[in-house]
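This briefing is meant for a reader who is new to the structure.

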Amino acid sequence: MRKTVINFLTLYFSKQKKFNKLILLGILLKKIAFIIVLLFLTNCSSVPLYEYPPDWKLVTKRDSTINYYSQWLKGKKIFLDPGHGGEDRRNTNRSGDVIEADVNLRVALNLKNYFERAGVSVLISRQNDMTVPLAYRSELANLSGADLFISIHHNAPAKWEDDWTNYTSTYYHAKETDYEYEPNERDLARYIQRDISYVMGNPGGLGSFDGTYSDYIIYPGEGFSVLRKTTIPSVLVECAFHTSRLEELRLNEKEFNEIQAWGIFRGVAKYFRAGIPEIELMNNATIDDTLKLSFALSDSTGISAKSILVYYDKEEIDHSFDPVGNILDVILGLEYGEHELKIICANINGNHSLPFNKKIIVDSNYSASVE
């Protein structure tokens with residue numbers, strides 16, 4: 001009898017273990033199914049790929065923002081350069097469905113629209129998929145009489161297998177230690193970089209604290225052709241990496257291209273709002289064997305005396321500045337030949353003056369003229 005009971009209990013618990021295993025397996029399968037559904041939903045369009053900027057989301061708010069910034073933009077002339085296009089369409093993501101040339105153009109055309117609504121006269125190197133030689137882009141810009149030149153691009157890493165690198169960056173020409181460096185270009189780059197990076201939700205990369213870079217990082221001593229050969233203030237924006245497996249999900253979204261353009265628009269508008277100092281030659285006089293030049297420095301926010309730099313034949317020289325009248329005096333020695341005078345200053349907001357260069361010609365009679 002005892003043996004029969006033991007056998008019964010052994011059989012019962014054996015079946016119970018199998019039953020419990022089946023229950024546990026069922027629970028596990030349900031959990032796996034839930035995870036699969038969750039992953040599917042996460043990749044669905046219900047999860048946003050980007051956020052709407054508060055001042056862009058509503059059309060009425062967008063219009064009022066454009067109207068607000070028009071007080072600083074109206075009457076300006078800006079040259080836009082959508083990179084690549086035409087015969088140059090080789091820059092794509094790995095699957096080939098995100099083409100940089102097309103994304104550049106969509107962003108530029110949206111930006112053109114925003115600027116024009118704010119009263120800006122916009123010139124553009126191309127408005128469709130066409131070939132525009134690199135040097136010709138700068139030539140067109142230099143002949144345009146525009147206040148600014150903005151080249152629009154999307155980046156790619158050095159290695160083809162890299163599909164994870166992604167950040168936003170804005171480039172200016174040369175480095176602070178180079179004579180051809182113009183600090184106003186870096187000012188513009190900073191304003192653009194801050195706002196486009198913000199609306200896209202992208203970082204600025206680890207190579208820079210503020211997301212702006214000298215183009216010498218890419219081409220040491222030369223920089224980008226469109227920045228080096230363009231004589232008006234110019235920057236180049238690398239909006240994002242079109243090779244990124246995450247970024248590629250939204251670069252073909254026309255709405256997102258509008259948001260990208262909105263970031264650049266806001267950055268440029270805020271740059272002009274901060275003011276740009278002006279330098280004007282007032283008079284010049286020859287005293288004994290020297291030439292005295294007086295310049296009026298003006299800005300609505302005020303001039304930062306510490307920011308003033310004066311170069312003569314590429315060498316920094318002394319100067320005097322009257323902060324009450326905002327008058328800058330420079331005394332030059334009269335030496336036969338042609339010379340170059342360069343002046344840089346900044347306002348209280350940190351914005352620098354546009355390139356200011358004067359040619360000083362001293363003839364054989366030691367009479368000087370300023371051009």
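Is Glu 258 buried, partly exposed or exposed? With a relative accessibility of 24%, Glu 258 counts as partly exposed, because buried means under 20% and exposed means over 50%. The model is predicted. Its chain holds seven helices and 15 strands, and buried residues make up 46% of its 371 residues. Of the contacts between residues at least 6 apart in sequence, 72% join residues at least 24 apart.

**Glu 258 and its surroundings**

- Glu 258 belongs to helix H7.
- Apart from neighbours within four places in sequence, Glu 258 is in contact with Trp 56, Arg 62, Asn 110 and Tyr 114.
- Trp 56 is 202 residues from Glu 258 in sequence, yet their C-alpha atoms are 9.5 Å apart in space.
- Glu 258 is also one of the H7 residues that meet helix H2.

**Helix H2 and its crossing with H7**

- Helix H2 covers residues 59-73 and helix H7 covers residues 254-273.
- The two axes come within 9 Å of each other and cross at roughly 35°.
- The crossing of H2 and H7 is left-handed.
- On the H2 side, the residues that meet H7 are Arg 62, Thr 65, Ile 66, Tyr 68, Tyr 69, Trp 72 and Leu 73.
- On the H7 side, the residues that meet H2 are Glu 258, Trp 262, Phe 265, Val 268, Ala 269, Lys 270, Phe 272 and Arg 273.
- Sorted by class, this contact of H2 with H7 has 10 nonpolar residues, one polar residue and four charged residues.
- The buried residues of H2 are Arg 62, Thr 65, Ile 66, Tyr 69, Ser 70 and Leu 73.
- Helix H3 (100-117) and H7 are included in what covers those buried residues of H2.
- Residues three or four places apart in an α-helix point the same way, because there are 3.6 residues a turn.
- Just after H2, Gly 75 has a positive phi of about 90°.

**Glu 116 in helix H3**

- Glu 116 is found in helix H3.
- Its relative accessible area is 37%, so Glu 116 is partly exposed.
- The side chains of Glu 116 and Lys 112 make a polar contact at 2.8 Å.
- Ile 78 is 38 residues from Glu 116 along the chain, and their C-alpha atoms are separated by 9.9 Å.

**Helix H5**

- Helix H5 runs over residues 183-200 and has 18 residues.
- From its first C-alpha to its last, H5 reaches 26 Å, close to the 26 Å expected at 1.5 Å a residue.
- H5 is mostly covered, with 15 of its 18 residues buried.
- Just after H5, Gly 201 takes a positive phi of about 75°.

**Thr 168, a buried loop residue**

- Thr 168 sits in the loop between strand E3 (148-155) and strand E4 (169-172).
- Thr 168 counts as buried because its relative accessibility is 0%.
- A polar atom of the Thr 168 side chain lies 2.6 Å from the backbone oxygen of Cys 239.
- Setting aside residues up to four places away in sequence, Thr 168 touches Gln 193, Ile 196, Ser 197, Met 200, Asn 202, Pro 203, Gly 204, Gly 211, Glu 238 and Cys 239.

- Ala 174 is a residue other than glycine with a positive phi, near 70°.
- Ala 174 lies in the loop between E4 and H5.
- The relative accessibility of Ala 174 is 0%, so Ala 174 counts as buried.
- Lys 314 is a residue other than glycine with a positive phi, near 70°.
- Lys 314 lies in the loop between strand E9 (303-312) and strand E10 (315-316).
- The relative accessible area of Lys 314 is 55%, so Lys 314 is exposed.

Definitions and conventions
Residues are numbered from 1 along each chain as its sequence is written. This is a predicted model: local features need pLDDT of at least 70, side-chain atom pairs count only at pLDDT 80 or more; totals for chains, interfaces and linings use all residues. Side-chain values use heavy atoms; hydrogens and water are left out. Helices (H or I, at least four residues) and strands (E, at least two) are DSSP runs, numbered from the N terminus. Buried means under 20% relative accessible area, exposed over 50%, partly exposed in between (1.4 Å probe, protein chains only). A polar contact is a pair of N or O atoms within 3.5 Å; within protein, one must be able to donate a hydrogen and the other to accept it, and residues adjacent in sequence count only if both atoms are side-chain atoms. Contact means heavy atoms within 4.5 Å. Axes are lines fitted to C-alpha atoms, for helices over the stretch in contact, and angles run from 0 to 180 degrees between N-to-C directions. A crossing is left-handed if the near helix is turned anticlockwise from the far one by less than a right angle, and right-handed if clockwise. Ala, Val, Leu, Ile, Met, Phe, Trp, Tyr, Cys and Pro count as nonpolar, Asp, Glu, Lys and Arg as charged, and the others, Gly among them, as polar. The expected span of a helix is 1.5 Å times one less than its number of residues.
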